[in-house]
Amino acid sequence: MPVALPIFPLNTVLFPGMSVPLHIFERRYRRLVSELLDTGSESSAAQESARGPRRFGVVWIELGHEVASESGQGAGGAETGVPTTGGSHAALPRVSATGCTAVIRDVRPYDDGRYDLVVEGGARFSVTDLSEVDPSSPDEYARASVSFLPEPLGPDVEEHAERVRDLYEVYCERLAAIGMAPETSPDLPKDPIALSYSVAASAVLDQAEKQRLLEAEDAATRLAVAARFLRRENRIVAAPTLPNLPAGPFLNNGVSFN
């Protein structure tokens with residue numbers, strides 16, 4: 001059954017179970033967060049029970065800009081934060097049709113209306129209908145009708161999981177040898193679904209590859225694709241001269257700006 005969600009486009013792929021800090025300053029997204037946090041006269045716990053968790057949908061920006069400055073203008077004056085899933089007359093940014101819910105876990109409000117958030121990835125979804133937003137309206141954000149995706153294990157999932165654990169251990173050892181280390185705990189989840197998302201979130205991959213992992217139809221497929229990526233990355237990290245790596249959780253401060 002389709003569910004309505006406010007949509008937040010990011011230049012980062014969010015996975016279930018993954019925590020991401022966000023700095024919210026664009027007016028439309030300040031409004032989004034304010035509406036999610038609005039508790040009225042009831043307690044926060046009572047509101048969350050009545051209305052569900054404080055969540056919105058995160059979709060990866062395939063083409064375009066997340067944000068470039070506090071003016072809300074991207075590079076070259078392009079409007080930011082007004083997503084579309086494509087089409088012959090698509091505006092920018094163009095976003096993926098598969099995303100992940102973000103549940104607000106921690107909030108720091110500022111007097112000027114900005115917010116610092118920590119969000120955690122919840123459930124995958126597919127966008128079935130994305131609202132059109134007038135880019136000239138700085139207070140309007142996109143909403144979508146979404147269908148939540150199942151999380152099947154898939155065939156031979158334990159074999160894939162064991163292979164990924166072995167490859168990931170080598171990956172971490174080789175990264176540590178060059179002074180880098182993943183953000184995840186060395187104790188990977190035993191559950192194959194959680195394992196697939198933990199490895200996908202922590203590996204240094206470009207965002208298109210991460211989106212491919214998010215869209216995998218089951219955990220076995222995700223683990224099989226992750227294994228191919230890890231084999232490649234293990235060869236790269238073991239090379240005598242390390243080439244440039246894509247920006248990832250090891251190479252930045254982990255903060256996404258809306």
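1. Which residue forms a salt bridge with Arg124? In this predicted model, the partner is Glu151, with the closest N and O atoms 3.0 Å apart. Arg124 lies in strand S5 (residues 115-130) and Glu151 in the loop between strand S6 (143-148) and helix H3 (157-177), so the pair ties together parts that are 27 residues apart in sequence. Arg124 is buried, at a relative accessible area of 3%, whereas Glu151, at 28%, is partly exposed.

2. A salt bridge also joins the side chains of Arg232 and Glu209, with an N to O distance of 2.5 Å. This pair links distant parts of the chain, since Arg232 belongs to helix H6 and Glu209 to helix H5 (residues 207-214), 23 residues apart. Arg232 counts as partly exposed because its relative accessibility is 26%, while Glu209 counts as buried because its value of 14% falls under the 20% cut-off. Glu209 and Arg232 also belong, with Glu233, to a network of salt bridges.

3. Glu26 and Arg28 form a salt bridge whose closest N and O atoms are 2.9 Å apart, and both of these residues are buried. The count of salt bridges comes to 9.

4. Helix H6 (residues 219-238) also takes part in a contact with helix H4 (residues 192-202), where the two axes come within 9 Å and cross at roughly 35°, in a left-handed crossing. On the H4 side the contact involves Pro192, Ile193, Leu195, Ser196, Tyr197 and Val199, which meet Ala219, Arg222, Leu223, Ala226 and Leu230 of H6. The residues of this contact divide into 9 nonpolar, 1 polar and 1 charged.

How values were computed:
Residues are numbered from 1 along each chain as its sequence is written. This is a predicted model: local features need pLDDT of at least 70, side-chain atom pairs count only at pLDDT 80 or more; totals for chains, interfaces and linings use all residues. Side-chain values use heavy atoms; hydrogens and water are left out. Axes are lines fitted to C-alpha atoms, for helices over the stretch in contact, and angles run from 0 to 180 degrees between N-to-C directions. Helices (H or I, at least four residues) and strands (E, at least two) are DSSP runs, numbered from the N terminus. A crossing is left-handed if the near helix is turned anticlockwise from the far one by less than a right angle, and right-handed if clockwise. Contact means heavy atoms within 4.5 Å. Ala, Val, Leu, Ile, Met, Phe, Trp, Tyr, Cys and Pro count as nonpolar, Asp, Glu, Lys and Arg as charged, and the others, Gly among them, as polar. A salt bridge is a side-chain nitrogen of Lys or Arg within 4 Å of a carboxyl oxygen of Asp or Glu. Buried means under 20% relative accessible area, exposed over 50%, partly exposed in between (1.4 Å probe, protein chains only).
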